[in-house]
Amino acid sequence: MSYILAMDQGTTSSRAIIFDHAAEIKGTAQREFRQIYPQPGWVEHDPLELYSSQLEVAHEALERAGLTAADLAAIGIANQRETTLVWERQNGEPIHNAIVWQDRRTADTCRKLQADGLEPLFRERTGLLLDPYFSGTKLAWILDHVPDARKRAETGELLFGTVDSWLLWKLTGGTCHFTDPSNASRTLLFNLATGDWDPELLRILNIPAAILPRLARTSEVYGETAPGLFSRPVPIASLAGDQQAALFGQGCLVPGMSKNTYGTGCFMLMHTGQSPTVSDNRLLTTVAWQISDRIEYALEGSVFVSGAVIQWLRDGLGIIRSSDEVEALAASVADNGGVYLVPAFAGLGAPHWDPFARGAIIGISRGTTAAHLARAALESIAFQTTELVRAMESDTGIPLPELRVDGGATVNNLLLQIQADLLGVPVVRTRISDTTALGAAFLAGLAVDFWRDRNDLPTTRLRERIFVPTLMPERRAMMLRNWERALQRATKWEEPLECS
Ligand SMILES: Nc1ncnc2c1ncn2[C@@H]1O[C@H](COP(=O)(O)OP(=O)(O)O)[C@@H](O)[C@H]1O
Ligand SMILES: O=P(O)(O)OC[C@H](O)CO
């Protein structure tokens, strides 16, 4: 039993990676699944597809590594967070598609709660803001819209979970209904101070407590895989939100250390220790993980669209055929040619929190080409991250010495060079870009004594390449000013644009 299988259930794909004791990758597999867009601003996933794709890639990774379940010490799970599922306790049938974190359908509910003066209460208790991003209003929406759902939730016939709970439930054959504090802290229902569900917030959102999963630690054995799923039952030993897992996988285990993950969105987290830090810059206070009795916390900046803008260049505009073409296209021009793109496809997250913002491209002239757009798209990812870094520095009073980065889009060298240029500090890419899976593996391994303690984790050899800033400060300042002006044009629409 010399390996850990990490499941990384992300927004666009399910991944499985097998690590050995030295954190070397022994097998990996990945599968994309359907993104369902029933209306503008709505995003759903088929819960059964999330589960089946995750199970399939787990088997495929084992096969590629030439291993079987008998070689596994444990399974660790990291997942896209906030995405909301409700299913039947009796037979595990979902009663609705999963409502994905990017989904904006509850923007009006959030606005009403804000108008009722409730944001300070939610902020104080949960560390979050009233934005449709988080699970609470999505869960309320399902209970409001599926016939009899609220009544059946009260009687305990229905179960709610984020993706961690759903996968655990399915993998254990419907015997374990748990979540961990890193996921719970993204629901708008979890009280950061008590470490438990908050009865008053449940009452405000009209959510019956009977539907909620039990809280467990981020790293512990919750149960075993059901007979027949693998050649033998395997302990499931970690549940972690993917961004917190990446923080762990990056080895950011002490206060002040931070990382930024560039996937569908960008998520920057800084470990802040054993008490929650409150942000003055509209960042989120969140749970990093709970391994012992004490919860550890983080500050987070979440950007909704980063790598997704590259998918849009590919699928929406057709100016590239695959994501890896964007680098050469963007590098074929010396600069952005005055073009700025604000990818507010799903409103804007931190630090703006504007669910009604919409995308904008400004500075187009007759000389603008697809290459300028590609460059502006890459820059938009780096501009948004720069805003997060500045907000975090202002909250903590700690200037960032370097930025540790990971995630699918960090294969793009030009993006990371632009990022270093805009920040004015080095950007450090890790050797293993799948730090989310690595974090899930570490957390699971700690629970089963595969690694003895944090000092035993092989985190030190993770640096692969460092991008050093080369841009002149005046040019950087000019670009940041132009980004601000572009932002002004994308934000503060009082109502979403009308569409026929
Ligand atoms: N060469 C590239 N340059 C920029 N972005 C890329 C590149 N390759 C992949 N991406 C982006 O990375 C994202 C996928 O990263 P990943 O970490 O797998 O995301 P997630 O976990 O959110 O599903 C996609 O949005 C994709 O457009
Ligand atoms: O699936 P990812 O990696 O885009 O992460 C999604 C986040 O967890 C959403 O909060």
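Let us begin with Pro351, which is found in the loop that joins β19 (340-342) to β20 (360-362). Helices (H or I, at least four residues) and strands (E, at least two) are DSSP runs, numbered from the N terminus. The peptide bond leading from Ala350 into Pro351 is cis, with omega near -5 degrees. Another loop, between β2 (13-19) and β3 (25-32), holds Ala23. Ala23 has a phi near 65 degrees, a positive value in a residue other than glycine. As background, most residues other than glycine have a negative phi, and most peptide bonds are trans.

A word on what you are looking at: this is a predicted model, in which local features need pLDDT of at least 70 and side-chain atom pairs count only at pLDDT 80 or more, while totals for chains, interfaces and linings use all residues. Residues are numbered from 1 along each chain as its sequence is written, chains are lettered from A and ligands numbered from 1 in the order in which they are written, and side-chain values use heavy atoms, with hydrogens and water left out.

Now for the domains. UniProt, in an unreviewed entry, places "domain: Carbohydrate kinase FGGY N-terminal" at residues 3-249; its positions are given in the numbering used here, feature names are shortened, and annotations may be inferred rather than shown by experiment. Over residues 3-249, the chain is 32% helix and 26% strand, and the end C-alpha atoms are 16 Å apart. The unreviewed UniProt entry also lists "domain: Carbohydrate kinase FGGY C-terminal" at residues 260-447. There the chain is 36% helix and 22% strand, with the end C-alpha atoms 26 Å apart.

Next comes ligand 1, which has 17 residues around it, the closest being Thr12, Thr264, Gly307, Gly408 and Asn412. To count as near, a residue must have a heavy atom within 4 Å of the molecule. Helix α10 (residues 307-317) gives the largest share of this shell, four residues. By class, the shell has five nonpolar, 10 polar and two charged residues. Here Ala, Val, Leu, Ile, Met, Phe, Trp, Tyr, Cys and Pro count as nonpolar, Asp, Glu, Lys and Arg as charged, and the others, Gly among them, as polar. A polar side-chain atom of Thr12 is 2.5 Å from an oxygen atom of ligand 1. A polar backbone atom of Ala308 lies 3.4 Å from an oxygen atom of ligand 1, and for a backbone N or O atom of Ala409 the distance is 3.5 Å. On its own, ligand 1 has 580 Å² of accessible area, and the protein covers 87% of that (Shrake-Rupley method, 1.4 Å probe).

Ligand 2 has around it Gly10, Thr11, Gln80, Arg81, Glu82, Trp101, Tyr133, Asp242, Gln243, Thr264 and Phe267. That shell divides into three nonpolar, five polar and three charged residues. Thr11 is placed in the loop between β1 (3-9) and β2, and one of its polar side-chain atoms lies 2.6 Å from an oxygen atom of ligand 2. For a polar side-chain atom of Arg81, the distance to an oxygen atom of ligand 2 is 3.0 Å. An N or O atom in the side chain of Tyr133 is 2.7 Å from an oxygen atom of ligand 2. The protein covers 92% of the 310 Å² of accessible area that ligand 2 has on its own.

Finally, the record's "binding site" feature, from an unreviewed UniProt entry, lists Thr11, Arg15, Thr264, Gly307, Gly408 and Asn412. From this set, Thr11, Arg15, Thr264, Gly307, Gly408 and Asn412 belong to the lining of the largest pocket.

Methods:
A polar contact is a pair of N or O atoms within 3.5 Å; within protein, one must be able to donate a hydrogen and the other to accept it, and residues adjacent in sequence count only if both atoms are side-chain atoms. On a 1 Å grid over the protein atoms alone, a cavity is a set of points where a 1.4 Å probe fits but cannot get out, and a pocket is an open set with protein on both sides within 12 Å along at least five of seven lines; lining residues have an atom within 4 Å of a point.
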